[in-house]
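This briefing is meant for a reader who is meeting the structure for the first time. Please look over the sequence and the model below before turning to the notes that follow.

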Amino acid sequence: MQNKGAILSFAILLALVCLYQLSFTFKARQVEKNAVEYAQGDPVKEFYYLDSISGEVVYNFLGLKKFTYKDVKELEINLGLDLKGGMNVTLEVSVDDLIRALSNYNTDSTFNAALTMAKQMQRGSQDDFVTLFGRAYEEIDPNARLASVFLTLELRNQININSTNNEVLSVIRQQTNSAIDNAFNIIRTRIDRFGVAQPNIQQLQTKGRILVELPGVKDQSRVRKLLQGTAILEFWETYENQEVYPFLLQANQRIKEIQGGTEQVSSETSEEQAEAVVESIDTPDESVDTSMDTAQQESSLLDELTAGVEGDTTDAGIDNLEDLRKDFPLFAVLNPSTNQQGQLFPGPAIGLAHSKDTSRVNDYLNMEQVRNIFPRDMKFRWTANAIDESGSFFRLIALKANTRDGRAPLDGDAITDARQDFDQMGSNPEVSMSMNSEGARVWQRLTKESIGKSIAIVLDGYVRSYPTVQNEISGGRSSITGLESIEEAKDLANILKSGKMPAPAHIIQEEIVGPSLGREAIQSGFYSFIIAFALVLVYMLFFYSRNAGLAANVALISNMFFIIGILASLGATLTLPGIAGIVLTIGMSVDANVLIYERVQEELLAGKGIKLAISDGYKNAYSAIIDGQVTTLLTGIVLYTFGSGPIKGFATTLIIGILTSLFSAIFITRLIFEWKLKRTKIIHFTTKFSENWLRNTAIKFLEKRKIAYFISGALIILSIGSLAVRGLSFGIDFRGGRTYVVRLDQEVQVDEVQAALTDVYGEMPEVKTFGENNQIRITTTYKIEDDSQDVDDEVEGLLMQGLKNANVLDDHVTLEDFTDNYQQSSQKVGPTISADIRKDSIIAISFALIIIFLYILMRFSKWQYGLGAVIALAHDALIVLGVFSLFHNVLPFSLDIDQAFIAAILTVLGYSINDTVVVFDRIREFLKIYPKRKNEQNMDEAVNSTLRRTFSTSLSTFVVLLAIFLFGGASIRGFTFALLIGVVVGTYSSIFIATPFAYEFQTRIAKALAKKKK
């Protein structure tokens, strides 16, 4: 074996990398176990325990690098929402509304008709909305000019009356892309403030769509409002720090009195003590030092900034830090904005607090007795961005609400344009801003009254910037300077523009999994994995002896370790279908070992020595292994490209599993055999029970092909008939709608629940038992095209009412109780995204068939093989569809056609082509060895010679799928059922369809050429 040292070194390095990556998961679980023991069943206590140690070092890797709990959580293997519960939302920014806003809500009939047409065209097109809008506009009136519609105040610098339609569309696309990016940033900021652990926010490939994954959230209604709310941009006057500081001193004294920490003292004494404490505090400025150990950030800001106060507090008359907290409760969590000498910094920032202390500061300042101390027009808002790199410290800004209604004197509606620019020197970034006439008038007054002071720019309740006014600004045009980078200037410009161009984001797809269902999914997935793994290990020992079987099992265990380790290192998310992908990989990874072992046995039967037999066996198996795995890999790549969510997780594990199984089966087993050959001359590759099983068979498959044609023809006719008569049960992925899984306290009569829900919805929903008899799945299309913020809560409320009317839910149950304790999961798919899913599914299957045909054509140099393989794949897909058509609403589990089913079909195609390619590879070999034989004889012998491999691979794959089907949980039972049927049909078609059809095409072509020569 060549390069043995390099392969061994690579295997060791890969194992070490995987072990390193998985160590973070082990450490995170250890910390969380300690939290559970500490909390003793109190989830709030557990949360605060983990939150308090987020900045503490919990893992010291070999003394080389320290990791905090926060670091460890970011590096652990991610679990999908179907395994740990949470909320998965796909948002779509309304480009339609953006374009209307850009036109200043123009009432032109052609313009509005084009927008309506573009929305209809969007459901069946890959093009972005702006392109579709331009196409619709040209189609309705080829002579109409977009420049006349968009010649508005905010676009006058980019569009003139002579601009062509393409030039106008280019400007619109630029503006909408900017608004979409801004909407994404706003949503990301809101989620970061929501306090969810490990959120995932990303822009999808389809422009304007944003994916948000929120593990563990329970308040679904709040999340929906948070995500769909339009940005609120405001401009506020501010108080100066020195104006507010006296009030803070009084507030601290009042809080102390309320808490009853010490005896009441005079206000004068309190002020002296507070100033003494403040003087001992070193307050960081804009360039705050972030080198402090994050483990010290556990309790509060004061713990860090008053290091040494315990030993020197005579001026304040305080004995220790605990007394400091009692006597100065406000300043223990809000550090006043002063320097080391106790001098107040200028500006509106009145203090600094650690992120975990901001809520306590809010509570203190919002106490009724404390709030009365401050002027009525004083408001407090936190900065949106932290002042340090670790994102821990935030400033508190004092706003001045001097309008009659207490609202901001100026809001985002006044902004007509904002863009990133440079100052006159051309070196420092700034933001140029324009306002409408009313805004310019208010802005002139604000700047005149605030010279030398700051004006706070507030977005969604958080201060994004507070520039200092240098002089009065008239005309509505102004510049914001003092920005640190171009990126900061661009972000601020986008924020300012968000006020003028509202970009509401509507939920077009939503999936919620309750925590209990997530725990059950982990348990069922783990059971299915262990059972399947154990069955395959036992089978390999039974069929291929203790020697060869053990080597295959070591490779299999290594393969599982590599898959999990690589998933962790890539930051991939492990989902329940992903676990199914791993378990399926167990079955399919056996195939490479089976091919090698069967080849080695053939070489041994030919009289070769064990060492030469192993060497030649590996060499002769390479072609079939590579061809079979590459075709499966191609379908996995297609699935990853066109899939989403859990299906993409399935594809990820499948792709990684194929690559690692190749390495494990080919190289690790070879290293084991090389090691064994140095110690023994005998290695058994079979047992006495299996050595003659399907050996030397001489079945004339091609002679009996017409029997197979008849059987397949009957099955296809039955499938087509069922599809025509019964049709298919399409899931909401393909037709749109909402699905809820509800677990009740009693067994449910489906008909009664359906009747009660029909009354409340005004239309008949689909109600099915899902798993146990007390668990049902309800599917409805009620108000699915309504994208208002409160519609989801309304539909859930009606669902709860319908269940109460059916007497399966107690009347005292509230909506919050219902969603937390009874509603196990929910899913929403809007009509737009369901059309996209249908389109992507068709493209995925078609593309998979094309690339498989092209690959086989390239590898076997004959189109007949490619066509035979594609016919076999179409045969498999049609029969699986027929089974789903025949048995939906008959079998006690879901047989819906959804994204998971498409994933199953593509996996079946990959598995089936793997089988077929192995047979074709042997045919190609026999044609080279026996060129004078008839094709029929070579093909029959090739199929017979691969029967042992076909049996072993198919049986192992079927067994692991059966384990997933029985123990993997109700949510993926339909998915695994499709794979089970597919494995059986795919094995059959590779023998009785693909090879015979390739023979038929070759024979007919040969006969046609012979006639032509005559």
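This is a predicted model: local features need pLDDT of at least 70, side-chain atom pairs count only at pLDDT 80 or more; totals for chains, interfaces and linings use all residues.

Strand β18 and strand β23 (residues 823-829) run antiparallel and are joined by five bridges.

**Strand β18 and its partners**

- In the pairing with β23, the bridge partner of E511 is Q827.
- Strand β18 also pairs with strand β4 (residues 86-93), again in the antiparallel sense, over eight bridges, and within that pairing M87 of β4 has I512 of β18 as its bridge partner.
- Because eight of the nine residues of β18 (residues 505-513) are buried, this strand is largely enclosed by the rest of the structure.

**Helix α6**

- Helix α6 takes in residues 109-121, 13 residues in total, and it reaches 18 Å from its first C-alpha to its last, which is close to the 18 Å expected at 1.5 Å a residue.
- The buried residues of α6 include T110, F111, A114, L115 and A118; because these cover an arc of only 140° around the axis, they are on the same side of α6.
- On the other side of this helix, S109 and Q120 are exposed.
- Among the elements that cover the buried residues of α6 are α5 (95-102), α7 (129-140) and α8 (147-150).
- The N-terminal end of α6 is capped by D108, a side-chain oxygen of which lies 3.2 Å from the backbone nitrogen of T110.

**Helix α15**

- In helix α15 (residues 358-366), the buried residues are T358, V361, Y364 and L365, and because they cover an arc of only 120° around the axis, they are on the same side of α15.
- The exposed residues D363 and N366 are carried on the face of α15 that is turned away from its buried side.

**Nonpolar cores**

- In soluble globular proteins, nonpolar side chains tend to be buried together.
- The largest nonpolar core here has 71 residues, of which I856, Y865, F884, F901 and F920 touch the most other members.
- Helix α30 (residues 899-929) supplies the largest share of this core, with 15 residues.
- When residues up to four places away in sequence are not counted, F920 touches I856, F860, Y865, A869, A994, T995 and A998.
- Another core, of 60 residues, lies apart from the largest one, and its members include F533, M560, I566 and L662.

- Although L595 and Y618 are 23 residues apart along the chain, their C-alpha atoms are separated by 8.7 Å.
- With neighbours within four places in sequence left aside, L595 is in contact with A621, A624, I625, V918 and R949.
- H875 is found in helix α29 (residues 863-887), and this histidine is buried, with a relative accessible area of 4%.
- With its neighbours within four places in sequence likewise left aside, H875 is in contact with S712, I716, V985, Y988, S989 and I993.

Definitions and conventions. Residues are numbered from 1 along each chain as its sequence is written. Side-chain values use heavy atoms; hydrogens and water are left out. Helices (H or I, at least four residues) and strands (E, at least two) are DSSP runs, numbered from the N terminus. The expected span of a helix is 1.5 Å times one less than its number of residues. Buried means under 20% relative accessible area, exposed over 50%, partly exposed in between (1.4 Å probe, protein chains only). The arc is that of the directions from the helix axis to the C-beta atoms. Contact means heavy atoms within 4.5 Å. A polar contact is a pair of N or O atoms within 3.5 Å; within protein, one must be able to donate a hydrogen and the other to accept it, and residues adjacent in sequence count only if both atoms are side-chain atoms. Two strands pair if DSSP finds at least two bridges between them. A nonpolar core is a set of buried Ala, Val, Leu, Ile, Met, Phe, Trp, Tyr and Cys residues joined through side-chain atoms within 4.5 Å.
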